[in-house]
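This report describes how the chains of one model are divided and where their parts touch. The sequence and structure come first, and the description follows.

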Amino acid sequence: MKWVKQYEETIIPVIALLLSLTVAGIVIALLGNNPFAVFANLLRGSGILPKLRYAGGKSMLTDLCSFLNYWTPMIFAALGVAVALKAGLFNIAISGQMLVAGFTSSVIVGYSSIQSVIAKPLVLLISIVAGGAVGALIGWLKYRFNINEVVSSIMLNYILQYIVAFFISMYYVDPISRQSRAVSDESRLTLANVEFGGYRYDIPLGMIVALFAIAGVQFVCKKTTLGYELGAVGLNRKAARYAGINVGRTMLLAMFISGALAGLAGATYYLGYFASIQPKVLAAMGYDSIAVALLGNSNPIGILFASFLISVIGKGSTYMSSTSGLDAELSSVIISLILLFSACKVYIRHSINKATDKRKARVEK
Amino acid sequence: MSEYIVEMRNITKRFPGIVANDDVTIQIKKGEVYALLGENGAGKSTLMSMLFGMYEPDVGEIYVRGNREIISSPSYATSLYIGMVHQHFKLVSNYTIAENIIMGIEPMKRFLGLLPYVDIKSANEEIARLSSEYGLEVDPTKRICDVPVSVQQRVEILKMLYRDADILIFDEPTAVLTPQEIEFLLKIIEGLKKAGKTVILITHKLEEIKKVADRCAILNRGKVIDVMDVRNTSTAEMASKMVGREISSERKKAGARYGEEVLVVQHLTVKDDNGFDIVKNVSLCVRQGEIVAVAGVAGNGQVELADAIAGFKKVSSGKIVLNGKEIANKTIRGRIQSGISYIPEDRQSYGLVLDFSLAENLVLKKYNQEPYARKGIRNQQEVELFSERLQKNYDIRSARGNQTIVRSMSGGNQQKAIIAREVEQDSSLIIFVQPTRGLDVGAIHNIHNQILAERDKGKAILLVSLELDEVMALADTIAVMYNGQILTCEDATSLSIDEVGQYMMGVVNI
Amino acid sequence: MIENIIGEGMTFALPLFVMAIGGIYSERSGITNLALEGLQGVGAFVGALAAVLLARVFGAQSQLPYYAALLFAMLGGTLYASLHALLCVYFKANQVINGVVVNILAMALTAVFTKGINRRLFGTPSDKFVLGVSERWSILEKSVYPFEVIIVVVAMISWYVLYRTKYGLRLRACGDNPHAVDAAGIDVAKIRFTAVLVSGALSGLAGISFAYSVSASFSSGIYVGYGYLSIAALIFGNWKIVPTLVACLVFGFAKSGGYQLVQAAGLPSSYSDLIMILPYVLTLLLLVFFSKHNHAPRALGEIYDKGKR
């Protein structure tokens, strides 16, 4: 049983995942469907398994590319949640930060005629600043006024949602789609409709940045003094202060980085996966990313795997719904269940420890 | 019926990694004062926690008034008329004394014969009656957070009496009291005995036992070493049995050689969170090679004074000068770098990041300095070398060396780690706040020696302690704080323990 | 106009208030409760479902479904709150994270079930339950929703229980020092568990009240952060019932006042989006001014472990 303890960090999320998939499977079975068929359809919808039929110009690879476009912002968003968690803060304004980043970079770059080479990096930069600013505001409110970051995050989410909706409907609305006008191809972080061998693909450029972000967050957390400070503040604020760490500055910085990563998620979502913004709606990804971060143990490598999984469930839901005849919202139920069981991690760990202790005691006797 | 009111037979209790009680048998007669003597960690508290139903023994039987009982909860213990005053009081700070006492068995009345409500009025009267009957003076309508520790303790005693308990357990009741308050408490205990109550006293202080106890069981490493009649036994005999070896109570302390003034505090005033002055116009000076001990009853501003010097509390007026430089406006890190080391009172909340590894904790104050980090990038190898050196030099023991999660270490080793780290800072001023709280005699001895060694190296040392014995043993100069002020600051040799006690109670004219 | 502002303000403030009382119960017992949002949503869902089903039996004219809805909303909220209570009290989950998780789960579950039930039971592809119109009572020549009166009564009972009964005495003690409560032979976990259940019942009542007063229907539109507003209100009210009422009234009047203003000024509908943010901005401002000075219950959010001393 020693190995259980050793790989605890991996085993616990896996247990949480299996439990939630089991419960989800039971729910699906109760609704009269075969859970395995439903799960398979989720994979098919994400381009991991082949579908029975493809429309003209599309292939499994097309679906996979589309999936990668969806996966990219999920990685950023979850990294954002994880960095904040590392410092003991719970950033649930991810979707608001995504929206602000997407909106400002759409307005500044997306509706201009700036050339691709400048436009794309500029979108990234603006998104970092915009998302980071919102994050920093929450951090500041927390530190300066002791305002619970969850409450202020939610308030900001609503405020931003309505303000952006106001501006879109006043100035940037597309009269037909009722969404914001589409951004220029030059500014998009996805190369749309690239033809190759008779099929069309959306090439996810943002994915490269996302992989760098994973490495970057990993490096900062493990190797830098900043990472040490984030960890100390997150685990014991009093001791961090005692060690001479400027707790307020560190919290602010954590929330800035978290917001900046959410901003990048917004850029790759609204100017990548999509090319426009639907007003008065916050991206569900903001909440899904919490599930990713918790399931992935706030560890960048864990997040890579967890985000893949949650993205499959999120992205595959449309196809699953059309083929299995279940509501697409079922995927949000599955994700919530994963969340719920991930939140019980402490209890699962406790149970494991108890089981190993008992075994140990028995062996000793 | 048996002659014993409480019998605990062959009790064994294990916790992960430790046997707290090993085949312990004790028998307590009705109406006696029975003392449990032993070092910290000898298993006294665990044994009594089982009598009070907080744990259940792994092996063994408990008899109360001759009946075999399985005491599964404190409320069951209460129903057997057993009461306990814990070392850390269990009181609701924003409730009145009466509310605290009645909680669990609230007297009820009905409004208009219908709606039940807690009858606080009759509770107040009942408590006033009880308190005068046993000489435990309290005002039932006062809030716990507004009364001193000694009154809080009386509330705990009243809690037991209000429940008609006649087996009363006291867990280290004198640790937080002044000598005069201890005197008073011992009188109360004698009064309780006269009223026919059985008292079990957990302590490691011999004088107290000598004064009030009839019999005394000595525990060492979870076992009962001996049970003796107190009247016929000398304290020296008890002491050697308790520790399991002969100890010399005299410590060799070299004569003090003071150097230059390191810390000068002038007219310092500090406010607490509610805006009241908690440190009032305090002036103090610590020289090289000098141990200045600040004595006082808990909550009289000693900790806040230390916090203000180290930068955790804002100074509202006055000066703090370290090595000739004003530091009152510096950040915490600024003060660390100017030469302040600080061993905090609450080592688990302040001194350590419990979920960090030992190596990361040992480098807590240097993680960002060369060679442990360069330009923001940490050098793990240097950190580990440093950590290993400290573990060796300061005898810090842990299961997995550098990688040990500090939470899993024993209290003594946690404290060793903190002291190692702070001493290694090589600061000119070291502040110790309650450095030996909750540690066993061996560890205390070690830490005292370390403090003296630093003093002899020429460090300036500010020691804040509630333990009067510790103050008397170590201090070159004693400052007594009462109600935020320093009432006296004198050479240690010119003050007796009773005089210090008087000052601690705020009696100025001696 | 002033009449309108007060009337509409009360209609919004009272459900907010009763939900905040629920929050006070939970938090004074030591359990951080960010799950109010989800509790009111699930409560409203269960209540609305009961109303829709009963309306088919008793006809659209009957007011019985309305009162049954209030009752079932409280039951639904209580039942769902047991999830938060179970995880926080017995499974020792992080209370902040768990609260948010419970909210997300509530949104997902109610959305799926609303759609599913509409399709399977009623054969309509709708994502909402349409409720009948609630009757109005006339009190002091003013027309009020019955739920407003009920909430006032419930609030008074809640005050009495919290401050005058032994359950209340023990509950508030749990939020300050659970060890003291335990030492007095009282089961801390039980008190905390029931306190969270109370918050579920009260939130359910609030949720169904919002459903009736805002849109006379249940849909995902119920999740607009009212749960978080009530948390802000109770922080502002320093975890005490009467000051919290003041905060809720401020929110209520600000909201209704804003609407009246837009209507009076005849601004285009896009501007109503801006008015929508008023309660949220106000919340942040209030928190800025009051968070620092207010004291949360001492043991709030701490996981209570009997073994630790």
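Domain bounds, as used here, come from an automatic or database domain assignment. This is a predicted model, in which local features need pLDDT of at least 70 and side-chain atom pairs count only at pLDDT 80 or more, while totals for chains, interfaces and linings use all residues. Residues are numbered from 1 along each chain as its sequence is written, chains are lettered from A and ligands numbered from 1 in the order in which they are written, and side-chain values use heavy atoms, with hydrogens and water left out.

## Domains of chain A

The rule does find 2 residue pairs in polar contact between domain 1 and domain 2 of chain A (both at pLDDT 80 or more). A polar contact is a pair of N or O atoms within 3.5 Å; within protein, one must be able to donate a hydrogen and the other to accept it, and residues adjacent in sequence count only if both atoms are side-chain atoms.

Helices (H or I, at least four residues) and strands (E, at least two) are DSSP runs, numbered from the N terminus.

## Buried areas

The table lists the buried area of each interface. Buried area is the accessible area (1.4 Å probe) that two parts lose on being put together, summed over both.

| Interface | Buried area | Share on carbon and sulfur atoms |
|---|---|---|
| Domain 1 of chain A and domain 2 of chain A | about 920 Å² | 61% |
| Domain 1 of chain B and domain 2 of chain B | about 1,000 Å² | 58% |
| Chain A and chain C | about 3,900 Å² | 77% |
| Chain B and chain A | about 2,000 Å² | 63% |

## Chain A against chain C

Here 43 residues of chain A are in contact with 44 residues of chain C. There are 2 salt bridges between chain A and chain C. In one of them, Arg119(C) pairs with Asp327(A), and the closest N and O atoms are 3.1 Å apart. Residue pairs in polar contact between chain A and chain C number 4 (both at pLDDT 80 or more). Elements of chain A that give two or more residues to the side touching chain C include helix 6 (116–145), helix 7 (149–172) and helix 16 (345–364). The largest share of that side, 14 residues, comes from helix 7 of chain A.

## Chain B against chain A

This interface brings 29 residues of chain B into contact with 18 residues of chain A. Tyr350(B), Tyr367(B) and Arg378(B) supply 29% of the area that chain B buries against chain A, more than any other three residues. The rule finds 0 salt bridges between chain B and chain A, but 11 residue pairs are in polar contact (both at pLDDT 80 or more). Among the elements of chain B that each supply at least two residues of the side touching chain A are helix 10 (332–339), helix 11 (347–351) and helix 14 (411–424). Helix 11 of chain B gives the most to that side, with 4 residues.

## Domains and sheet of chain B

Chain B is divided into domain 1 (4–243) and domain 2 (261–355 + 405–504). Their centres, taken over C-alpha atoms, lie 32 Å apart. Domain 1 of chain B puts 10 residues into the contact and domain 2 of chain B puts in 16 residues. Asn40(B), Pro179(B) and Gln180(B) supply 39% of the area that domain 1 of chain B buries against domain 2 of chain B, more than any other three residues.

Chain B also has an open sheet of 6 strands in the order 6-9-10-3-11-12, with mixed pairing. Two strands pair if DSSP finds at least two bridges between them. Strand 3 (residues 33–37) and strand 10 (residues 198–203) of chain B pair in the parallel sense over 5 bridges. In this pairing, Tyr34(B) stands opposite Ile200(B) in strand 10 of chain B.

Terms used:
Contact means heavy atoms within 4.5 Å. A salt bridge is a side-chain nitrogen of Lys or Arg within 4 Å of a carboxyl oxygen of Asp or Glu.
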